Amino acid sequence: MRHVWVGDRKGSGVFDADLDERVRSSAMAWLRAELLRTPDGISHARLQDFHFEGTRLALWSQRGIRKPAILDAALAIQTTYSNRPDQRPYEDEPGPDGLLRYKWMGTNPNAADNRALRVAMELHLPLIYLVGLRPGLYQPIFPVYVVAEEPELHQFVVTTSEQEETAWEYASQGEVELSRRYLESVRSHRVHQRVFREQVLLAYGSRCAFCNLGHRELIDAAHIREDSAGGEPKVTNGIAMCKLHHATFDNLLVGITPDYRIEVRHDLLEEVDGPTLQHSIKQLHREKIRVPERRIARPDRELLAERFERFMTAVA
Ligand SMILES: [Zn+2]
């Protein structure tokens, strides 16, 4: 059994690394399976029903920071849904480097919850981040890491993706501006966009709805109603598309009817070009897109109708 010392703790200070690792990896495996069942998020009731080696171990609690009694460090953090983001108790706004900040519980650095999260930071333990989607419903993001603490601001710095890990490498070397610019360039770093991407890719088995390409790095979660037009980051407002088809869709070169059929812009249909245009675009005309097996994860037909009208206007 591997043991390390946790200087911050009262008591023996012995940290059971094996147990800690088993709990975290089985909790994350369970969440993955749950997300296949309910890709739109997991209810707080369900999140309290995880079992570790036969014993119930809630991943969610009223408190923002969750440390099960059998562990020495926090296992999960959460941001509660609020339709008034300005009034959130735990604001998930990024700092000047573009990275997420997670507020302490209260202002006492030695409150048990804050200590538990600090231990996770010191030991670089993977955490589960539960993001409130609507009251009682959460999207788990994992693994996330607490990479630093800003005691004067009563908060921790959290990375929620590989891109954010990279950004943190810049930020921790004092390159705050570089970190922020890097995160802007990758765009997908914001938590809600990340949640959206994960949900959509999960629903579509990480394959393009147009051409079935399955290389995860090449698959985007396209919005039906765009972000900028108030489109919500939820799975029914998304379709998994490869980079080519995403750009084709975004530029209104193709439209999708409310009954999931692809329409290729007529001038494109008449154009003669190489095999890519022929096979990857023209041949899709009037084909049906692949939609998730699960009805509740399929594209919202009203949103598609709205988008299709824009396509038709652009064609005219
Ligand atoms: Zn494609």
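Gly231 is found in the loop between β12 and β13; the strands (E, at least two residues) and helices (H or I, at least four) named here are DSSP runs, numbered from the N terminus. At 7% relative accessibility, Gly231 counts as buried, where buried means under 20% relative accessible area, exposed means over 50%, and partly exposed is in between (1.4 Å probe, protein chains only). Leaving aside neighbours within four places in sequence, Gly231 is in contact with Arg225, Glu226 and Asn237, contact being heavy atoms within 4.5 Å. Gly231 and Leu303 sit 72 residues apart in sequence, yet their C-alpha atoms are 9.0 Å apart in space.

A quick word on the model itself. It is predicted, so local features need pLDDT of at least 70 and side-chain atom pairs count only at pLDDT 80 or more, while totals for chains, interfaces and linings use all residues. Residues are numbered from 1 along each chain as its sequence is written, and side-chain values use heavy atoms, with hydrogens and water left out.

Next comes the zinc site. The protein donors of the zinc ion are Cys208 (SG), Cys211 (SG), Cys242 (SG) and His245 (ND1), and they lie 2.1 to 2.3 Å from the metal. Donors here are N, O and S atoms within 2.8 Å of the metal (3.2 Å for Na, K and Ca); water is not among the atoms, so sites may look incomplete. Along the sequence, the donor residues follow the spacing C-x2-C-x30-C-x2-H. The four donor atoms subtend angles of 95 to 120 degrees around the zinc ion, which makes the arrangement tetrahedral; for four donors, that label asks for all angles to lie between 85 and 135 degrees.

What about the inside of the protein? In soluble globular proteins, nonpolar side chains tend to be buried together. A nonpolar core is a set of buried Ala, Val, Leu, Ile, Met, Phe, Trp, Tyr and Cys residues joined through side-chain atoms within 4.5 Å. The largest one in this model has 31 residues, and those with the most contacts inside it are Phe210, Ile239, Met241, Ile256 and Ile289. At least two residues of this core come from each of α6 (191-203), β12 (219-223), β13 (238-242), β14 (254-256), β15 (262-264), α9 (275-281) and α10 (301-315). A second, separate core of 26 residues includes Met105, Phe156, Val191 and Val195. Back to Ile239: not counting residues up to four places away in sequence, this residue touches a list of others including Val200, Tyr204, Ile256, Ile289 and Leu304.

Strand β10 (residues 137-150) has twelve of its 14 residues buried, so it is largely enclosed by the rest of the structure. Two strands pair if DSSP finds at least two bridges between them. β10 pairs in the antiparallel sense with strand β3 (residues 42-43) over two bridges, with Ser43 standing opposite Leu137. β10 also pairs in the antiparallel sense with strand β9 (residues 127-134), over six bridges, and here Leu137 is the bridge partner of Arg134. The hairpin of β9 and β10 has two residues between the strands, and Gly136 takes a positive phi near 80 degrees. Strand β11 (residues 155-159) pairs with β10 in the antiparallel sense over five bridges, with Tyr145 opposite Thr159. β10 and β11 form a hairpin with four residues between them, and His154 in the turn has a positive phi of about 55 degrees.

Finally, some aromatic rings and helix residues. Rings of Phe, Tyr and Trp (its six-membered ring) pair if their centres lie within 6.5 Å; planes under 30 degrees apart count as stacked, over 60 as edge-to-face and the rest as tilted. By this rule the count comes to five aromatic pairs. The rings of Trp30 and Phe50 have centres 5.5 Å apart and planes at 50 degrees, so this pair is tilted. The pair links distant parts of the chain, 20 residues apart: Trp30 is in helix α1, and Phe50 is in the loop between α2 and β4 (51-52). Both Trp30 and Phe50 are buried. Asp20 also has its place in helix α1 (residues 17-37) and is buried, at 3% relative accessible area. Ala45, in helix α2 (residues 44-47), is partly exposed at 48%.

Methods:
Four donors count as tetrahedral if all angles lie between 85 and 135 degrees; four count as square planar and six as octahedral if opposite donors are over 155 degrees apart and all others between 65 and 115; anything else is irregular.
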